[in-house]
Amino acid sequence: MTTHPPLRIGVLNGDDIGHEIVPAAHAIAAAAAQACGLAIDWRPMPLGRKALDELGHTMPPGTLETLGTLDGFILGPIGHQAYPKVPEAINPHPILRKSFDLFANVRPTRSYPALGCLYDDIDLVIVRENNEGFQPDRNVVAGSGEFRPTHDTTISVRVITREGSRKVARAAFEIARARKKRLTVVHKNTVFKLGCGMFVEECYEAGKEFPDVAIEEVIVDTFAMKLVREPQRFDVVVTTNMFGDILTDEAAGLVGGLGMAPGLCIGRGDIAMAQATHGSAPDIAGKGLANPYAMIESTRMLIEWLGRRRGIPAAGQAAARMKAGIDAALADPATRTPDIRGTGTQADMVNAILGFMENHAHAAA
């Protein structure tokens, strides 16, 4: 039997409900890994408001450097808008994305029965470019992509590069090849003739490496409408940063809200970051009401992705065990949180997943 060195995974709780849902995801992943013989070296690290209060910085010295030695990491939600206005209180999000070139944000949308989904047969993945576009916190190396030259004028710069477009397109093609071999390219080249035009060009260029994957194009406003009316027609979608940011939240709304919106950021080499789409929800922190699904599923995606990239069958088995436990918990209203038509608490959902995995050895089959 082939043995592999332990996967090295960082654990960063983030803020507010992150201190609840990240430990929950960690516990479930650790239990699945142990049951499947998957060795994981977990590395808890300080980040966010708690790190600021205890260590004087939201990203203490050494955290970024240590993350660079790992295979991946789990990042909890960040409540940076509530940070005090001091130089040490920085938003870790853009720093992590840029430092590790986490260029693709993979966001699946799946409907589960009885959760309040608008449709019961949605299963699609939106791959969003993550480091360019309109977002001023990440689209330039120095300064800002948004500025105000006069009191009455604000200019926002959109950055599209061939390299960035090609990288995210290739990642989307790889996912499409493993699914239904269909890729939808979403853009607005009717208006952004150069920016979206370049993005589309590079999608087709990347597609030459995947002749078995069919490509279609949809203008973004048309796609937004079709996503609501007939989401079943889409499988894997690739788009630019701002469009993807909006469309993934729209997709989440179809299946129960942001609590059902996991995400995996993949980047250079073989590093990846599990990150739920939702915010830190300070209004419900500490009440046991936060839906942990998105964080747990993001962590499951990380383990599955690392196992596939490194050829570790036990990682795929652990991810399958987690999925079976998640599906079982979501099927029972007593083990679902109130936001998805349940009567349970966060602890109820976590315990149900752990219990199912413990009592069903075949869950990793």
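How many salt bridges does the count come to? The count comes to 21 salt bridges, a salt bridge being a side-chain nitrogen of Lys or Arg within 4 Å of a carboxyl oxygen of Asp or Glu. This is a predicted model, so local features need pLDDT of at least 70 and side-chain atom pairs count only at pLDDT 80 or more, while totals for chains, interfaces and linings use all residues. Residues are numbered from 1 along each chain as its sequence is written, and side-chain values use heavy atoms, leaving out hydrogens and water.

Here are some of the pairs.

| Salt bridge | N to O distance |
|---|---|
| Asp 71 and Arg 310 | 3.1 Å |
| Arg 162 and Glu 201 | 3.0 Å |
| Glu 304 and Arg 300 | 3.5 Å |

Helices (H or I, at least four residues) and strands (E, at least two) are DSSP runs, numbered from the N terminus. Asp 71 is buried, with a relative accessible area of 8%, whereas Arg 310 is partly exposed at 24%. Here buried means under 20% relative accessible area, exposed over 50%, and partly exposed in between (1.4 Å probe, protein chains only).

Arg 162 belongs to helix 5 (residues 162–178) and Glu 201 to helix 6 (residues 195–207), so this pair ties together parts 39 residues apart in sequence. Both residues also take part in a network of salt bridges that links Arg 162, Arg 166, Glu 201 and Glu 202. Within helix 9, Glu 304 and Arg 300 are 4 residues apart, which is about one helical turn. Glu 304 is partly exposed at 31% relative accessibility, and Arg 300 is buried at 8%.

What about the cysteines? A search of the whole structure finds 0 disulfides, a disulfide being a pair of cysteine sulfur atoms within 2.5 Å. The sulfur of Cys 203 has its closest cysteine sulfur in Cys 196, 9.9 Å away and too far for a bond. Cys 203 is buried at 0% relative accessibility, and Cys 117 is buried at 14%.

Finally, helix 10 (residues 313–330) has 18 residues that should span 26 Å at 1.5 Å a residue, and its end C-alpha atoms are 26 Å apart, which agrees. The expected span is 1.5 Å times one less than the number of residues. Among its buried residues are Ala 314, Met 322 and Leu 330.
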